[in-house]
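Colleague: Please go through one part of this model closely: the interface between the chains. Start from the layout of a single chain, and work towards the contact from there.

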Protein chains: 2
Amino acid sequence: MAGVVPGEPFGEFERIRRFFAPLAGPGGLGLLDDAAVVDCRAGQRLVVTADSIVAGVHYLPDDPPDLVARKLLRVNLSDLAAMGARPLHYLLTTALPAALGPDWVAEFARGLAEDQRRFGIDLLGGDSVATSGPAVLSLTAIGEVAVGMEIKRNGARAGDLVWVSGTIGDAFLGLALLRGAYPQLAPEYRAGLIGRFQVPDPRVDLGRRLAGIAHAMIDISDGLIADLAHICDTSRVAAVIALPSLPLSRAALGVVDGEPGVRLALATGGDDYELLFTAPAGSTQAIDDLSSVLGLPITRIGKIESGEGVRLVDAAGRTIPIDEPGYRHF
Amino acid sequence: MAGVVPGEPFGEFERIRRFFAPLAGPGGLGLLDDAAVVDCRAGQRLVVTADSIVAGVHYLPDDPPDLVARKLLRVNLSDLAAMGARPLHYLLTTALPAALGPDWVAEFARGLAEDQRRFGIDLLGGDSVATSGPAVLSLTAIGEVAVGMEIKRNGARAGDLVWVSGTIGDAFLGLALLRGAYPQLAPEYRAGLIGRFQVPDPRVDLGRRLAGIAHAMIDISDGLIADLAHICDTSRVAAVIALPSLPLSRAALGVVDGEPGVRLALATGGDDYELLFTAPAGSTQAIDDLSSVLGLPITRIGKIESGEGVRLVDAAGRTIPIDEPGYRHF
């Protein structure tokens, strides 16, 4: 926690002592030292990733602070999961405007504490600074994976099947609801969709168990089509995806029933944080078994071919044009 | 580099491909994957630290971007040095306003590249987002230290001597010069002092070689007195420091000669990024030898006693009151 400045708004030392030191694991040295220590177990390799979120770009400034914290943590855990890694620790740097006082920080830290317990991880260190602009929150997550068992994006091969966990497009619809879209949607669906946007479920258990099964994997943040394109680009292969095969939640089906064109938007909307992976056809039974064990749908949505790019097809195999492969934040 | 959003100012993918991918080491997987991998050598432990800097708080918005990059990297390397660790890798997250275009980023990356070569480290990953506020730059540095050889803040013992590397207060004076102070200072001193503020020299070699010698160590970021207080607090000891013994550069002496009261400000000014450590009296010869080998002054400035707090004394041993133990950014 070097760089902490006495005399900043409500005291950085006090802020760390009250809110963040209780989150520190043994390697964090109470957040009282220049750096933290991380032990590596024999035969393991560490996996590291970092993501930043900005108020007004990646979340709404008046979103509940505990949900902001949990989303920040979870998008990073999702990256670790996409490598097949087990999460261990994280570092956090916050640049906060003066308007966010102790109450906001207390709620933010409460969200971290809740998810630390849930995922069995701890805080190692970080930094806390002031900004005159919107809050910028950066998190570095550290996990471990057995040497050689990490699942990269570049391993997809022609003949692989393409699979996705959970359901697709819920977070996209949740964000749309927050912006006032679909006022006609049944109330029982609304909270679930908004929850998928605000607090994603990183597929940590699934990711670890896919080591040795998946050839290539990514977590869906930019949108299913765009993220599959990342796999295809780095693996130098093509993919064909059947739009009707995409797994949708009952809530999403509730929207699609009234407006069939939305289905395409769900394939390109982002923030799903589901795992998208390729595996040889011979792994189908193992994947179905994993789905049963974890109680999590894992759906076959297409296949890998030689060539390049992602082609989306309808039930009759006709190509569906994609105008917007990526995803833009609000 | 998850979370990268196509369609952001001048293309995040393009920005990463052009400017940051060339900085990636083998574990960074070309910045094309969800996360990076870090191997641990047998008998080694990883050391991690993170710091953030904000335009207008920790550096001036029109500071040269390569110097901003090098300072950001170096303050983190200084934290690793203060643990006795050898630097290996880093992750970087940038939140940039739209006004900072490709030219700024190119210069920023050039500064990183220069210091990567100098310190033998590489980039593992990170994130790149947009903000409507001032730039916020966060860096996580990863190093290694032999298991059990890390130097913490809490190991100081009564009877230890207190040592500091290099010279103290140059960065404080460099910042003062940038703000227009000391217009009478001789021109030959000005660039050196400003350079100490803009691009600190993390004492990486010294830090590693102090493993097995130093009982407690910290790098000076908040100011010599404040940082020594951190050692005393966590070690539950007191320190007595002789103000006249503080090592000053010729440039700093040039200021102090005209204005003796400045000497106290140099002891409390921050951003020195020198190593401040305690060691038993029996290590004096080893420390002097290190100083010779590295061509770096290492000066004995006081001693550790039982009790609490830091007491500053003059040449006659009289206590000098300290009004301002910490350090405030501009």
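Modeller: Domain bounds here come from an automatic or database domain assignment. On that basis chain A is divided into domain 1 (12-146) and domain 2 (153-313), and the centres of the two, taken over C-alpha atoms, are separated by 26 Å. The contact between them (C-beta atoms, placed from the backbone, within 7 Å) takes 16 residues from domain 1 of chain A and 17 residues from domain 2 of chain A. On the domain 1 side, α2 and β3 of chain A each supply at least two residues; helices (H or I, at least four residues) and strands (E, at least two) are DSSP runs numbered from the N terminus. Of these contributors, α2(A) gives the most, with nine residues. The side of domain 1 that touches domain 2 divides into eight nonpolar, two polar and six charged residues, where Ala, Val, Leu, Ile, Met, Phe, Trp, Tyr, Cys and Pro count as nonpolar, Asp, Glu, Lys and Arg as charged, and the others, Gly among them, as polar.

This is a predicted model, so local features need pLDDT of at least 70 and side-chain atom pairs count only at pLDDT 80 or more, while totals for chains, interfaces and linings use all residues. Residues are numbered from 1 along each chain as its sequence is written, and chains are lettered from A and ligands numbered from 1 in the order in which they are written.

Now the interface itself. The contact between the chains takes 61 residues from chain A and 61 residues from chain B. On the side of chain A, at least two residues each come from β1 (36-38), β2 (44-54), α2 (65-81), β3 (86-96), β4 (122-130), β5 (136-146), β7 (216-219) and α7 (224-235). Nine residues, the largest share of that side, come from β2(A). By residue class the side of chain A that touches chain B divides into 31 nonpolar, 17 polar and 13 charged.

Three bridges join β2(A) to strand β1 (residues 36-38) of chain B in the antiparallel sense; two strands pair if DSSP finds at least two bridges between them. In that pairing A:V48 stands opposite B:A36, and A:V47 stands opposite B:V37. Within chain A, β2(A) also pairs with β5(A), antiparallel over 11 bridges, and there A:V47 stands opposite A:G143. Of the 11 residues of β2(A), 10 are buried, so the strand is largely enclosed by the rest of the structure. Buried means 20 or more other C-beta atoms within 10 Å of a residue's own, exposed 12 or fewer, and partly exposed in between, with C-beta atoms placed from the backbone.

In the loop between β2 and α2 of chain A lies A:V57. With 19 other C-beta atoms within 10 Å, A:V57 is partly exposed. A:V57 and A:P134 are 77 residues apart in sequence but 9.4 Å apart in space, C-alpha to C-alpha.

How are the two chains related? The same surface serves both copies, as 100% of the contact residues of chain A recur in chain B.

The largest nonpolar core holds 204 residues, a core being a set of buried Ala, Val, Leu, Ile, Met, Phe, Trp, Tyr and Cys residues joined through C-beta atoms within 7 Å. A:Y90, A:M217, A:L228, B:Y90, B:M217 and B:L228 touch the most other members. Leaving aside neighbours within four places in sequence, B:Y90 is in contact with residues including B:L73, B:I121, B:L139 and B:I142.

One backbone detail remains: B:R236, in the loop between α7 (224-235) and β8 (238-242) of chain B, has a positive phi of about 60° although it is not a glycine. B:R236 is partly exposed, with 13 other C-beta atoms within 10 Å.

Terms used: Contact = placed C-beta atoms within 7 Å.
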